[in-house]
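The following is a guided reading of a single protein chain.

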Amino acid sequence: SMRYLVLAAGLVFTNAVFAQDVDALRLDTRKQALPVLPKVVGMMKETVAAEGAVGAIPVCKEKAPQLLRSRAAELGWQMRRVSLKARNPERGTPDVWEARQLADFNIRAANGEKADTLEVGEIVTRDDGSRAFRYMRALPVGQVCLACHGDPATMGPELKAQLAASYPQD
């Protein structure tokens, strides 16, 4: 399967939302949520340059989710990173809807679609009857990510040891 993390953003509605609003919601989500992503990547690049990959683990594990949470709080949304191969199962395990979209992303990618166009946004009815707009977008794993998220054979012993300590359930 393809290498990407996924930003999952959700916005819950108490009032009626109609199908024609989906395109507007998707555009709005791109505008509001996606600018946080270059900040996360920039933070990782700076840390790797200054402290090496081992020093970047806490940034990826704690600071990146904090950045997403603070932006989500500003918007009144829920935002998180999920993956079918979550390194941190407590935080990154997808729910049923997310897992279905991730599987679909894998199929689309296998058919040649570029990772940066893998996106979905739809209105769903939740168990309590409320309606929510759910959005997911693939985040292609950049070069800076591959030090820790790439081939374990290329990782030094110190990095492997720190990854094992930071993610005992990985």
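The model shown is predicted. Its chain contains six helices and four strands. Followed along the sequence, these elements come in the order β-α-α-β-α-α-β-β-α-α. The chain has 170 residues, and 41% of them are buried. Among contacts in the chain with a separation of 6 or more, 63% join residues 24 or more positions apart.

Helix α2 covers residues 36–75 and helix α6 covers residues 157–166; the two pack at an angle of about 20 degrees, and their axes are 9 Å apart. Because of that angle, α2 is roughly parallel to α6, the limit for this class being under 35 degrees. The crossing of the two helices is right-handed. On the α2 side, the contact is made by A53, V54, I57 and K61. On the α6 side, the residues are E158, L159, Q162, L163 and S166. Sorted by class, the contact of α2 with α6 has five nonpolar residues, two polar ones and two charged ones.

Which residues does Q162 touch, leaving aside its neighbours within four places in sequence? Q162 lies in helix α6, and with those neighbours set aside it is in contact with V54 and I57. Both V54 and I57 belong to the α2 side of the helix contact described above. The C-alpha atom of Q162 is also 9.4 Å from that of G55, although 107 residues separate Q162 and G55 in sequence. Is Q162 buried, exposed or partly exposed? Q162 counts as partly exposed because its relative accessibility is 32%, and that class lies between the limits of 20% and 50%.

The second residue, L25, is in another helix. L25 is found in α1, which runs over residues 21–33. With a relative accessibility of 13%, L25 counts as buried, since the cut-off for buried is under 20%. Where L25 and G121 are concerned, the two are 96 residues apart along the chain, and their C-alpha atoms are separated by 8.0 Å.

Key. Residues are numbered from 1 along each chain as its sequence is written. This is a predicted model: local features need pLDDT of at least 70, side-chain atom pairs count only at pLDDT 80 or more; totals for chains, interfaces and linings use all residues. Side-chain values use heavy atoms; hydrogens and water are left out. Axes are lines fitted to C-alpha atoms, for helices over the stretch in contact, and angles run from 0 to 180 degrees between N-to-C directions. Angles under 35 degrees count as roughly parallel, over 145 as roughly antiparallel, 65 to 115 as roughly perpendicular and the rest as oblique. A crossing is left-handed if the near helix is turned anticlockwise from the far one by less than a right angle, and right-handed if clockwise. Contact means heavy atoms within 4.5 Å. Ala, Val, Leu, Ile, Met, Phe, Trp, Tyr, Cys and Pro count as nonpolar, Asp, Glu, Lys and Arg as charged, and the others, Gly among them, as polar. Buried means under 20% relative accessible area, exposed over 50%, partly exposed in between (1.4 Å probe, protein chains only).
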